[in-house]
Amino acid sequence: MSIEPGCSLRTEAEVRAYLGEAVARTPIVDLHTHLYAPCFRDLLLYGVDELVTYHYLIAEVHRADPTLRPAAFYALSKQQQADLIWKTLFVDRLPVSEACRGIITVFGKLGIEPDRDGLDNARAFTAQFTPEQYVDKILGLANVSSVVMTNDPFDEMERPIWVAGGDIDPRFLPALRIDTFLLRFAEVVPKLQLWGYQVAADTSTQTLSEARRFLTDWIDIMQPVYLAASMPPQFPVPSDTLQSWLTEQVIVPVCRERNLPWAVMPGVRRALNPALGQAGDGLATSDLRWIEYLCATYPENRFMITVLARENQHELCIIARKFGNLLPFGCWWFLNNPSLIEEMTRMRFELLGLSHIPQHSDCRILDQLLYKWEHFRPILTRVMGDKLADLVHAGWQPTKAEVDRDVERLLAGNFKAFAGLD
Ligand code: RAT
Ligand code: ZN
């Protein structure tokens, strides 16, 4: 392919400036969030009270005020919780943490003046919009074209909405979450039986066909773009456990048959401090041998992966170099901090080139799209800019079209291709 000289970026400064524009203008497909389309009603969280009571900030307020008892905090109304967090983390001390900074970024993007006296102006701002209008506004301002939801058939609030059917805003793509199915199968057997699936906590041929039927029914109902599970640091595959059997006999074959990737998210230690509720989870370094085993044993399957511990990131890149059916994505949860994103993204460029997905937002509250992506874009521009600058100095002048093409790959195309979307 000939490179048009007129479109070449000849100097480091030209490359960096053009890359910055491309990163800003390229729409993002956010491949893992906990956001919901407006038709899911109360499950779609937005507005300042939700924002300020994000579980990352709930953890931080309990650190800032160790006399605060989690039970007392959770007994407050949502608005009282938000007021307390605002006073403690934003007024009584400078809001320097990444999660605190995020709130200030959101206010800036929405034109809300942060007010040390309280959150009423921010509340009034959001109250002007219907949920649908707010979705349009936030997706537009964030330049996010679509977001992947997290959809759990065992969730009592969302299940009836799926069962009733209806049109989902096409910018919200479903993902079938299987944590409960995979990790708590024995516990949910009675529920599955109630729903008409003849399963038991065993590996019989009947459980096999009925467990597969459950998954395929939900694939038919949700039409997910992938199956997903956040996983403990250790997972016994292969072994003679029920979980290993479900993995190899149910999930992997169903994913293959339906041509769907499985997104695995190892490293979570649930309820490290149970009193903190959703804010109480922790992490540990993961043993990724089972991922290598699945990639090697099932080359026809596709696996996406994000791992929670920083300590696993180099190893993950090396595993991904060996298996084309493994796609690393995102800087997840406790890794979604600028210093760690920069380190991980740099390492991924160096070891994986463009064959990764540098970030997902994990947003739980719609407005967070404004900060998570606003904070990420300059990091991508800096890290990729360094790589392109090195190329220019070595004698390779990228064209504008090449930069556009590859930024699109990183922010949307790699995911769409891997998930078979278009
Ligand atoms: O990032 C988060 O908000 C976590 O609480 C988890 O939901 C995690 O992202 C997950 O998907 O398990
Ligand atoms: Zn998540």
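This is a predicted model: local features need pLDDT of at least 70, side-chain atom pairs count only at pLDDT 80 or more; totals for chains, interfaces and linings use all residues.

Q: Which protein donors does the zinc ion (ligand 2) have?

A: They are His32 (NE2), His34 (NE2) and Asp362 (OD), lying 2.0 to 2.1 Å from the zinc ion. Donors are N, O and S atoms within 2.8 Å of the metal (3.2 Å for Na, K and Ca); water is not among the atoms, so sites may look incomplete.

Q: And how are the donor residues spaced in sequence?

A: The spacing is H-x1-H-x327-D. His34 lies in the loop between strand E1 (28-30) and helix H2 (48-52), and Asp362 in the loop between helix H16 (338-352) and helix H17 (368-394), so the pair ties together parts that are 328 residues apart in sequence. Helices (H or I, at least four residues) and strands (E, at least two) are DSSP runs, numbered from the N terminus.

Q: Is His34 buried or exposed?

A: His34 is buried, its relative accessible area being 14%. Asp362 also counts as buried, at 7% relative accessibility.

Q: Turning to pockets, how much space lies in the largest pocket?

A: About 1000 Å³. Its lining comprises 39 residues, of which His34, His55, Arg270, Gln278 and Arg364 lie nearest the centre. Helix H3 (55-64), helix H5 (78-91), helix H10 (179-183) and E5 are the elements that give two or more residues to this lining.

Q: What rule defines a pocket?

A: On a 1 Å grid over the protein atoms alone, a cavity is a set of points where a 1.4 Å probe fits but cannot get out, whereas a pocket is an open set with protein on both sides within 12 Å along at least five of seven lines; lining residues have an atom within 4 Å of a point. Grid points are joined across faces, edges and corners, and a volume is the space filled by probe spheres set on the points.

Q: What about the second largest pocket?

A: About 310 Å³ of space lies there. The second largest pocket is lined by 21 residues, and Tyr56, Ala59, Glu60, Trp333 and Phe334 are the closest to its centre. H3 gives the most to this lining, with four residues.

Q: Changing topic, in what order do the five strands of the open sheet run?

A: The order is E4-E5-E6-E9-E10, with parallel pairing. Strand E4 (176-177) and strand E10 (326-328) are the edge strands, each pairing on one side only. Two strands pair if DSSP finds at least two bridges between them.

Q: How many bridges join strand E5 to strand E6?

A: Five bridges join E5 (residues 227-231) to E6 (residues 262-266). Ala228 stands opposite Ala263 in E6.

Q: How many salt bridges are counted?

A: The count comes to 29 salt bridges, a salt bridge being a side-chain nitrogen of Lys or Arg within 4 Å of a carboxyl oxygen of Asp or Glu. One of them joins Arg382 and Glu342 at 2.7 Å, N to O. This pair links distant parts of the chain, with Arg382 in helix H17 and Glu342 in helix H16, 40 residues apart.

Q: Which residues make up the network joined by shared partners?

A: Glu12, Arg16, Glu342, Arg346, Arg382 and Asp386 are joined into one network. Elsewhere, Asp92 forms a salt bridge with Lys87, the closest N and O atoms being 2.9 Å apart.

Q: Finally, where is the cis peptide bond?

A: The bond from Val237 to Pro238 is cis, with omega near 0°. Pro238 is found in the loop between E5 and helix H13 (242-258).

Q: And what is phi of Gln223?

A: Phi of Gln223 is near 50°, a positive value in a residue other than glycine. Gln223 lies in the loop between helix H12 (205-222) and E5, and is exposed at 53% relative accessible area.

Terms used
Residues are numbered from 1 along each chain as its sequence is written. Chains are lettered from A and ligands numbered from 1 in the order in which they are written. Side-chain values use heavy atoms; hydrogens and water are left out. Buried means under 20% relative accessible area, exposed over 50%, partly exposed in between (1.4 Å probe, protein chains only).
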